[in-house]
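Visitor: Could you walk me through how to read burial, strand pairing and helix packing here?
Guide: Gladly; let us look together.

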Amino acid sequence: MKQPEITIQINENSRVPKYKQIVDSIIGDISNGTLQIGQKIPSINELSETCYLSRDTVEKAYKHLKEKKVIVSVKGKGYYTAKTDLISKLNIFFLVNKPSSYKMMIYNSFVNALGVNAHVNMFIYHCDESLFIRTLEKNLGAYDNYVIMPHFRTEEQGHASYTDAVLKVISKIPKDKLIVLDNAKPFVDGNYSSIYQDFQEDIYNALKEGLDRLQKYDKIILVYPDKSAHPYPKRILHGFRQFCVEFEFDFEVLDEIYDDMEFQSRDIYITIEEMDLVNLVRQVRKKNLVLGQDVGIISYNDTPLKELLGITVISTDFKAMGELAAYMLLKNKKERIRNNFRYIERNSL
């Protein structure tokens, strides 16, 4: 394959460093199709001689391109273009713990708020610590910004916000490039961005907001999945218990909605898993009970379908979380902001 002509544009009067001008020129050639993936580019010495630049300047430019994984070096052969998808102004690594509808709401609002001048690659690690570490380490240095949601599954199928190994790999991300979403932890040192849920305070305050309605029921049952492939923070459970004890509610915690539940009049259920909500509504209908009168339901995290079905929810604003993350990234704001959490009353209560 004939070596392509790289159109390096060096402006001697510009305040932009010459190595950065080389980087921009090569990325520009990739963008306009002059360079294709897998094509060889001039060596450091060749480009230095052709453009009358110091070898150190060209070497610095190539090092930067290698770190961003735009080019690769092959021993004994030279440099080649590695990929053409990371050529936009902002290249963002987006790491989520599970492929739920809620995470996709965050991702979609984040991407839409960034607009056309950003390229976002989403990765999923399924709450698996080793997969999280491998995925992040493989992509260190390749992106301009890193957005992560830390939720991990322990050996006992419980929830953990972080481990020592997780903190170690996160610490390798420059803090000015890091945004932590959804979980207030891990406690990483440094000045970075964070938009989080306070799982204990959020459920406590949301239930308190609906206190007048809840007091019409005799018992509150939280369906908290104790063991799950994608576990939930224990702080949800702590906030629920805090509310019930403080306001003297009779309460119970179940790990799932069982078949043939023993329903009692004036009970209210709070479900977290979607399948528990489906199973609960199905049984209520099968037994000809009236939702919102005989049995009450609150679901954790809102969706358009729950709105359509009239299910009362307590939910963070996923759309706002994504939009706020994009705003903080674009404006380079290093703040830690608690996301809005809402009590939305509908017919099921």
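Guide: Buried means under 20% relative accessible area, exposed over 50%, and partly exposed in between (1.4 Å probe, protein chains only). This is a predicted model, where local features need pLDDT of at least 70 and side-chain atom pairs count only at pLDDT 80 or more, while totals for chains, interfaces and linings use all residues. Residues are numbered from 1 along each chain as its sequence is written, and side-chain values use heavy atoms, leaving out hydrogens and water.

Visitor: Is T271 buried or exposed?
Guide: T271 is buried, at a relative accessible area of 0%. T271 sits in strand β13 (residues 267-271); strands are DSSP runs of E, at least two residues, numbered from the N terminus.

Visitor: How do I read the faces of a strand?
Guide: In a regular strand, side chains alternate between the two faces of the sheet. In β14, V295, I297 and S299 on one side and G296, I298 and Y300 on the other are all buried. Six of the six residues of β14 (residues 295-300) are buried, so the strand is largely enclosed by the rest of the structure.

Visitor: How many bridges join β13 to β14?
Guide: Two strands pair if DSSP finds at least two bridges between them. Here five bridges join the parallel strands β13 and β14, and I270 has I298 as its bridge partner in β14.

Visitor: And how are packed helices described?
Guide: By the angle between their axes and the distance between the axes. Helix α2 (residues 44-51) packs on helix α3 (residues 55-67) at about 125 degrees, with axes 9 Å apart.

Terms used: Axes fitted to C-alpha atoms, helices over the stretch in contact; angles between N-to-C directions. Helix = DSSP H or I, 4+ residues; strand = E, 2+ residues; numbered from the N terminus.
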